[in-house]
Amino acid sequence: MRSGDTAAGVLKVIRDTALNVIVRPVTFFQAMPRRGGYRTPYVFLLVVGLFDALLLSALKVLVAGPAAALTFAMHVFLVVPVALTLFSFALTAVLFAFWRLMDSSQSYETAYRTFAYSFAISPIALLMLLVPYLTFVAFFWWFALLVIGSVHVHGVGRLKATAVFAALGLAVVVFLTRAEHYMVRHGVAHPVPQASSTIDKPAAHPAPV
């Protein structure tokens, strides 16, 4: 990490990196180092994931109150590092296979770096997932970053990369649209109003035996 090894320095680098991915993705991926080990991209991914956990905990306060949010935060901050570690290396393996099929000559390490930095949009995407029918926008944004990474990091032709990731994105969107439609129909798409209405209702008494 640049800016030294202090926590403030590391967080500043991560913040600046995330902003570059979000605002100037083409410039970022053109300049992204292909080598350098897993430590820097892994720390970036982990910090962004922990920020997601903090954001979810804050939303939990609105839904269930501070006590439940604290319990939720304790669990999620324990689970997130393990889940992100397993998820990131497994998903990178899938993406690496697709990039190799698209004639990329880059290594698994480069594939991991491409995926890890594309995770910069995760906090924004997380908020988008709370709004019905915006889920697919978040996923298309992520697939667009993967297309950019494919072209400027892996040397894949733009048309080929767009076709492959558009097909994958369409498959995901079809699945998510069906899931969103189910959630809206069953009244589970808006957690805060639903939770409030539940809290306002008197507790049901158990039926006599």
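Student: Is lysine 160 buried, partly exposed or exposed?

Tutor: The model is a predicted one, and the class follows from a computed accessibility. Buried means under 20% relative accessible area and exposed means over 50%, with partly exposed in between. Because the relative accessible area of lysine 160 is 37%, the residue is partly exposed.

Student: Which residue forms a salt bridge with lysine 160?

Tutor: The closest N and O atoms of the pair are 3.3 Å apart, and a salt bridge requires a nitrogen within 4 Å of a carboxyl oxygen. The pair links distant parts of the chain, 57 residues apart, with lysine 160 in helix H8 (residues 158-185) and its partner in the loop between helix H4 (66-101) and helix H5 (108-118). The partner of lysine 160 is aspartate 103.

Student: What is the phi of aspartate 103, and where does this residue lie?

Tutor: Aspartate 103 is placed in the loop between H4 and H5. With a relative accessible area of 59%, which is over 50%, aspartate 103 counts as exposed. Although aspartate 103 is not a glycine, its phi is positive, at about 75°.

Student: How many salt bridges does a search of the whole structure find?

Tutor: One of them joins lysine 160 and aspartate 103. Another joins aspartate 16 and lysine 12, with the closest N and O atoms 3.1 Å apart. The side chains of aspartate 16 and arginine 15 also meet in a salt bridge, at 3.0 Å from N to O. The search of the whole structure finds 5.

Student: Which residues are linked with Asp16 in a network of salt bridges?

Tutor: Aspartate 16 and lysine 12 both lie in helix H1 (residues 7-23), 4 residues apart, about one turn of the helix. Aspartate 16 also forms a salt bridge with arginine 15. The residues linked with Asp16 in the network are therefore Lys12 and Arg15.

Student: Are lysine 12, arginine 15 and aspartate 16 buried, partly exposed or exposed?

Tutor: The relative accessible area is 23% for aspartate 16, 42% for lysine 12 and 47% for arginine 15.

Student: Which helix supplies the largest share of the lining of the largest pocket?

Tutor: The largest pocket has a volume of about 810 Å³. Its lining holds 30 residues, of which Phe87, Phe119, Ser122, Leu129 and Phe139 lie nearest the centre. Helix H3 (39-64), H4, H5, helix H6 (122-128), H7 and H8 each give at least two residues to that lining. The largest share, 10 residues, comes from H4.

Student: How many residues lining the largest pocket are nonpolar?

Tutor: Divided by class, the lining of the largest pocket includes 3 polar residues and 1 charged residue. The nonpolar residues of this lining number 26.

Student: Which helix gives the most to the nonpolar patch on the surface?

Tutor: The patch is formed by Leu127, Leu130, Val131, Tyr133, Leu134, Phe136, Val137 and Phe140, which together have about 600 Å² of accessible area. Phenylalanine 136 is placed in helix H7. A patch residue needs over 30% relative accessible area, and phenylalanine 136, at 32%, is partly exposed. The helix that gives the most, with 3 residues, is H7 (residues 135-152).

Student: How far apart in space are arginine 158 and valine 147?

Tutor: Arginine 158 lies in helix H8. Arginine 158 is partly exposed, with a relative accessible area of 49%. Arginine 158 and valine 147 are 11 residues apart in sequence, and from C-alpha to C-alpha their separation is 7.3 Å.

Student: What separates the C-alpha atoms of alanine 90 and tyrosine 112?

Tutor: Alanine 90 has its place in helix H4 and is partly exposed, with a relative accessible area of 46%. Along the chain, alanine 90 and tyrosine 112 are 22 residues apart. Their C-alpha atoms are separated by 9.8 Å.

Student: How many helices and strands does the protein have, and what percentage of its residues is buried?

Tutor: Read along the sequence, the pattern is α-α-α-α-α-α-α-α-α. The protein has 9 helices and 0 strands. Of its 209 residues, the buried ones make up 36%.

Conventions: Residues numbered from 1 in each chain as written. Predicted model: local features only at pLDDT ≥ 70, side-chain atom pairs only at ≥ 80, totals over all residues. Heavy atoms only, no water. Patch = residues over 30% accessible without salt bridge, like charges linked within 9 Å, V, L, I, M, F, W, Y side chains within 5 Å. Areas by Shrake-Rupley, 256 points an atom, 1.4 Å probe, with all protein chains shown as cover. Buried < 20%, exposed > 50% of the residue type's maximum accessible area, 1.4 Å probe, protein only. 1 Å grid on protein atoms, 1.4 Å probe; cavity = no way out; pocket = protein on both sides within 12 Å on 5 of 7 lines; lining within 4 Å. Points joined across faces, edges and corners; volume = space filled by probe spheres on them. Nonpolar A, V, L, I, M, F, W, Y, C, P; charged D, E, K, R; others polar.
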